[in-house]
Amino acid sequence: MPERSNCEAVVRQLWPYLDGVVDESMRERIIAHLEMCATCKSHFDFANAFLEAVARSRSDVPADEELRTRVVQALSAEGFKLSA
Amino acid sequence: MAAAEAHDRAFADAALPHLPALKRVAIALTGNEADADDLVQETFLRAYRHWNTFAPASDCRRWLSTICRNAFLEQRRRESRSTAVEDQELESLAAARLHNHARASGVDHLFTRLDLGPAISQAIASLEPIFRDVVVLADVEGFTYEEVAEALGVPIGTVRSRLYRARRQLQEALLAYAIDAGFASARGPETPPAPNRHG
């Protein structure tokens, strides 16, 4: 059974870990803890699922040829040449 | 040896008499005597270490006051940074508490089984602009902390603080949405954490 103080120290790094900004030693410590602590792992899984759901919520903007043409024309006026 | 003695004698004669004046300055800056004493000590330590940069003809009290003010500002910046880190860690703890709440409410599967796309978009749109901007750039568009900081013209620490708080607000909103919509059911499958999204 992992110590409660270890759990808190690991959970405090939940967002930085999931964002990949913790240093290597902290990352290894967290991975080792999550391998033996189902409770903490479930917190990380839940937060990670949240991030994936948010990333999936991005609505794709359809290609706007009219806008592209306008931009290219404006660039051309500045000397821009569109290569094939 | 004689040179060192002369150095220390000059420091003692020119700098130490201003200690009471520095104490007044330090109290004005820190607002309390205990912190003021620490600041005065730090000021004189720095002054001693850099005594060779003091021009003997100049105003020693003013020189010391400048050191004192700089030491105070540096200290305050450090404290502000550590407070920011503490806030960020508290947001991580809040995420775990929110998960416990989701589990107790029967919506542990909230983000893995439900199609929350429209609800997420609506929740993001409802955030205050300073929170919405960071979450859109970082979590929807996949910008790194550095890229978000550059785009918004704010420090990385501010990006992190706002991002973590925005995530909490989003999670709270989505949890309330799922409960209100009657999505409570059995637990869903687990997914492995995937770090390095912002590396």
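Select Trp51(B) and Trp63(B) in this predicted model: both residues are buried. Their rings form an edge-to-face aromatic pair, with 5.7 Å from centre to centre and 65 degrees between the planes. The angle is over 60 degrees, so the pair counts as edge-to-face. Colour chain B by secondary structure to see what the pair links: Trp51(B) sits in the loop between α3 (33-49) and α4, while Trp63(B) belongs to helix α4. The two are 12 residues apart, and the pair links distant parts of the chain.

Next, show the aromatic side chains of every chain; the structure holds 10 aromatic pairs over all chains. One of them to select is Phe46(A) with Phe111(B), a tilted pair at 5.0 Å centre to centre and 55 degrees between the planes. Phe46(A) is in helix α4 (residues 38-56) of chain A and Phe111(B) is in helix α5 (residues 110-113) of chain B, so this pair joins two chains. Phe46(A) has a relative accessibility of 4% and counts as buried. Phe111(B) is buried too, at a relative accessible area of 1%.

Select Arg76(B), Arg77(B), Arg78(B) and Arg81(B), which gather in a patch of positive charge. Arg81(B) is part of helix α4 (residues 60-104) of chain B. Is Arg81(B) buried or exposed? Its relative accessible area is 53%, so Arg81(B) is exposed, the cut-off being over 50%.

Note on methods
Residues numbered from 1 in each chain as written. Chains lettered and ligands numbered in written order. Predicted model: local features only at pLDDT ≥ 70, side-chain atom pairs only at ≥ 80, totals over all residues. Heavy atoms only, no water. Patch = residues over 30% accessible without salt bridge, like charges linked within 9 Å, V, L, I, M, F, W, Y side chains within 5 Å. Areas by Shrake-Rupley, 256 points an atom, 1.4 Å probe, with all protein chains shown as cover. Salt bridge = Lys/Arg side-chain N within 4 Å of Asp/Glu carboxyl O. Lys, Arg positive; Asp, Glu negative; His and termini not counted. Charge placed at Lys NZ, Arg CZ, Asp CG, Glu CD. Helix = DSSP H or I, 4+ residues; strand = E, 2+ residues; numbered from the N terminus. Buried < 20%, exposed > 50% of the residue type's maximum accessible area, 1.4 Å probe, protein only. Phe/Tyr/Trp six-rings, centres within 6.5 Å; stacked < 30°, edge-to-face > 60°.
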